[in-house]
Amino acid sequence: MARLSYLLRRGASYYARARVPLDLIDVLGKRELVKALGTKDENEAKRLLWPIVEAWNRKFDDLRSRRVLTPDDKADAIWQHYTGALDRDEQARLHVDDDHGSEFDQPSPDARRKLEANARRIKLDAMRKHLVIGETALIEDELEDYIERNKLLIDPLAPDRGDLARKMMRAEIEALQRTVERDHGDYSGAPKDPIVKPATGTSREQAAQGEGIMELFEQYAAENPKGIATDTIAQARRDVRSFVDYVGSTCPVHRIDKKAVREWKALLMKYPVKATESSVFAGMKLTQIVKHNETVGKPVITVRTVNRYIAGFSAFCSWLVNHGYLVHNPADGMFLKKTRGNKPLVFTSDQLNTLFKSPLFTGCQNADEWRNVAKPGNVKIRDHRYWLPLIMLYSGARPAEIAQLAVADVRKEHGYWIMHITTDGDGDKSVKTEGSMRVVPVHDELTRLGFIKYRNGMEAAGHTRLFPEAKRNSRGQMVAEFSREFGRYLTRLGMKTGRGLSLYSFRHGAADALRRAGHLDEQFGFMLGHTAGTMTGRYGIMPQGMIQQRVDLVNSIAYPKLDLSHLSLVAATEYLSPKG
């Protein structure tokens with residue numbers, strides 16, 4: 001499997017690296033960030049990698065939010081400073097009689113009023129003189145406070161910074177003039193300087209500490225109220241980050257509304273397939289990618305994929321509603337209508353016969369290069385690539401559930417071989433939902449094909465995992481590479497063009513086989529991991545009668561005219577893993 005794109009190896013050492021987004025290259029003055037991970041072990045490097053990558057992403061988000069100082073920002077700063085100064089003055093006047101200390105060492109309230117009034121006049125004179133000569137020292141603290149609160153990135157020597165400072169000084173002068181008028185009982189004054197007026201543009205609103213969209217998503221992910229799989233959470237994280245890419249990282253969560261979701265969805269409908277993996281769109285944000293694709297012309301994602309983005313985002317929004325951050329779920333009703341003909345495709349008996357007589361199962365030219373797997377030869381593949389389709393065919397289990405099985409997860413219960421799909425045990429195991437943990441008997445046909453012989457061979461070879469060569473990709477998805485390559489393999493065999501049959505077609509086919517056997521969906525849904533789990537599903541401790549019922553159910557899966565007799569002729573020794 002290819003190394004993670006963020007992981008760089010130089011000699012024997014590993015480094016984290018990331019491309020600087022195109023819109024930030026001028027700000028950072030470089031095109032790539034690189035940091036030593038201090039290890040020569042790849043697994044340790046992967047563990048250390050993601051905190052660094054996430055820190056870089058936060059830095060990128062912060063820089064983006066600080067980049068542009070707009071005229072609206074300046075107008076907002078002027079009016080905020082003017083009204084804030086007057087509010088502080090009024091509060092000081094209300095408390096002039098409070099807590100003035102001992103009568104022997106503190107002036108009286110009247111004396112304090114005179115002292116403060118004199119200080120205001122002195123400050124007003126000084127501010128006017130400084131404005132004339134361009135000195136901004138008297139406003140520096142207030143200027144820096146506004147810049148930081150509003151996450152503006154302004155070069156200390158940039159003209160914009162000096163311009164904003166002088167305008168805030170003019171606001172301060174107007175506020176001081178009002179306070180002098182108040183010293184004489186006149187509260188009727190209004191700004192005479194034309195720039196000191198209520199801001200009419202959109203002011204920046206920053207998410208409160210700990211209440212950024214992605215910060216709250218991490219709380220949602222940690223809580224995981226539906227108990228969904230790690231892969232699904234990771235996918236949802238990318239979906240929500242795509243939305244944040246559009247609205248901005250500093251957008252407060254309460255600003256998520258129908259308008260924002262509607263505009264995001266419109267962009268997704270024009271979003272090119274695998275854009276983040278294409279160098280054509282390197283460093284671009286969502287809006288930039290969609291705009292650039294008008295020129296590039298890459299194919300866009302399907303309605304189903306758009307709906308998947310919205311589904312992950314909607315689940316997060318439901319959590320926000322439940323926790324009081326939103327009143328309504330803004331993603332409700334936003335799903336696109338599926339076009340007709342989207343029923344999952346399943347293999348026909350003829351297609352299954354063609355597939356299982358193809359080189360992947362009977363012997364190929366080269367097991368390490370997928371383009372040669374479809375060419376007949378003498379190399380036998382007997383790892384997860386061989387067994388996953390067969391096990392899915394006769395169980396309906398998901399490919400990731402099968403690929404992560406431990407040797408100990410395939411065992412005898414009450415005289416029957418079972419597969420225990422669970423997160424228990426060693427290794428990085430996950431299931432889609434809590435209800436996905438279950439006990440699935442091994443179909444008689446799998447036993448005839450040598451699955452138990454393979455299992456025993458792996459145990460004898462000292463393996464703890466049933467399929468040790470099955471890996472997760474950089475996104476944490478189990479056997480995602482095999483799933484993708486299997487679809488391409490079907491294309492090479494001439495069994496599909498474009499979208500259609502896939503690894504999941506076996507799962508849909510098993511469901512259809514159970515229906516053909518006379519079972520209702522609600523009678524076998526639990527076997528596919530569709531219903532709420534039970535403690536027996538979690539621990540695999542089941543009464544004999546219940547095991548027998550499941551054995552009968554699984555063995556009712558059959559495929560008319562399917563002939564796998566040629567596969568049973570393979571010598572038992574060939575079921576050992578190549579690395580066993």
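Let's start at Arg 31, which sits in the loop between α1 (25-28) and β3 (32-36). Those labels come from DSSP runs, numbered from the N terminus: a helix is H or I with at least four residues, a strand is E with at least two. Arg 31 is exposed, with a relative accessible area of 60%. For that scale, buried means under 20% relative accessible area, exposed means over 50%, and partly exposed is in between, using a 1.4 Å probe and protein chains only.

Which residues does Arg 31 touch, leaving aside neighbours within four places in sequence? Ala 18, Arg 19, Val 20 and Ile 25. A contact here means heavy atoms within 4.5 Å. Pro 21 is ten residues from Arg 31 in sequence, and their C-alpha atoms are 7.7 Å apart in space.

Okay, some housekeeping. This is a predicted model, where local features need pLDDT of at least 70 and side-chain atom pairs count only at pLDDT 80 or more, while totals for chains, interfaces and linings use all residues. Residues are numbered from 1 along each chain as its sequence is written, and side-chain values use heavy atoms, with hydrogens and water left out.

So how confident is the predictor? pLDDT is its confidence in each residue, from 0 to 100. The protein chain has a mean pLDDT of 84, with 86% of its residues at 70 or more. Residues 569-573 stay under 50, and the model gives them three contacts beyond four places in sequence. Residues 575-580 are also below 50, but that stretch has 19 contacts beyond near neighbours in sequence. Where pLDDT is low, the predicted coordinates should not be read in detail.

Now the overall picture. The protein chain has 23 helices and six strands. Of its 580 residues, 44% count as buried. If you take contacts between residues at least 6 apart in sequence, 68% of them join residues at least 24 apart.

On to helix α3. It has 24 residues, which at 1.5 Å a residue should span 34 Å, and its end C-alpha atoms are 35 Å apart, which agrees. The expected span, by the way, is 1.5 Å times one less than the number of residues. Its buried residues include Asp 73, Asp 76, Ala 77, His 81 and Leu 86. What covers the buried side? Among the covering elements are α4 (109-133), α5 (140-149) and α6 (159-182).

Let me pick out Lys 74, which is found in α3 (residues 71-94). Is Lys 74 buried or exposed? It is buried, with a relative accessible area of 11%. Not counting residues up to four places away in sequence, Lys 74 touches Leu 69, Asp 160, Asp 163, Leu 164 and Lys 167.

Next, a pair of helices. The axes of α8 (residues 230-247) and α9 (residues 258-268) come within 10 Å and cross at roughly 105°. That makes α8 roughly perpendicular to α9. An axis is a line fitted to C-alpha atoms, for helices over the stretch in contact, and angles run from 0 to 180 degrees between N-to-C directions. Angles under 35 degrees count as roughly parallel, over 145 as roughly antiparallel, 65 to 115 as roughly perpendicular, and the rest as oblique. Residues of α8 in this contact include Phe 243 and Tyr 246, and those of α9 include Trp 264 and Leu 267.

Lys 274 has a positive phi of about 50° although it is not a glycine, and its place is in the loop between α9 and α10 (286-296). His 414 also has a positive phi, about 55°, and is not a glycine either. You'll find His 414 in the loop between β4 (410-413) and β5 (416-421). Lys 274 is partly exposed at 43% relative accessible area, and His 414 is partly exposed at 40%.

Last stop: helix α19. Its buried residues include Phe 482, Phe 486, Tyr 489 and Leu 490. The elements covering them include α12 (349-356), α15 (384-393) and α20 (505-516). After α19 comes Gly 494, with a positive phi near 80°.

One of those covering helices, α15, holds Trp 387. Trp 387 is buried, with a relative accessible area of 0%. Leu 446 is 59 residues from Trp 387 in sequence, yet their C-alpha atoms are 9.3 Å apart in space.

Key. pLDDT is the predictor's confidence in each residue, from 0 to 100.
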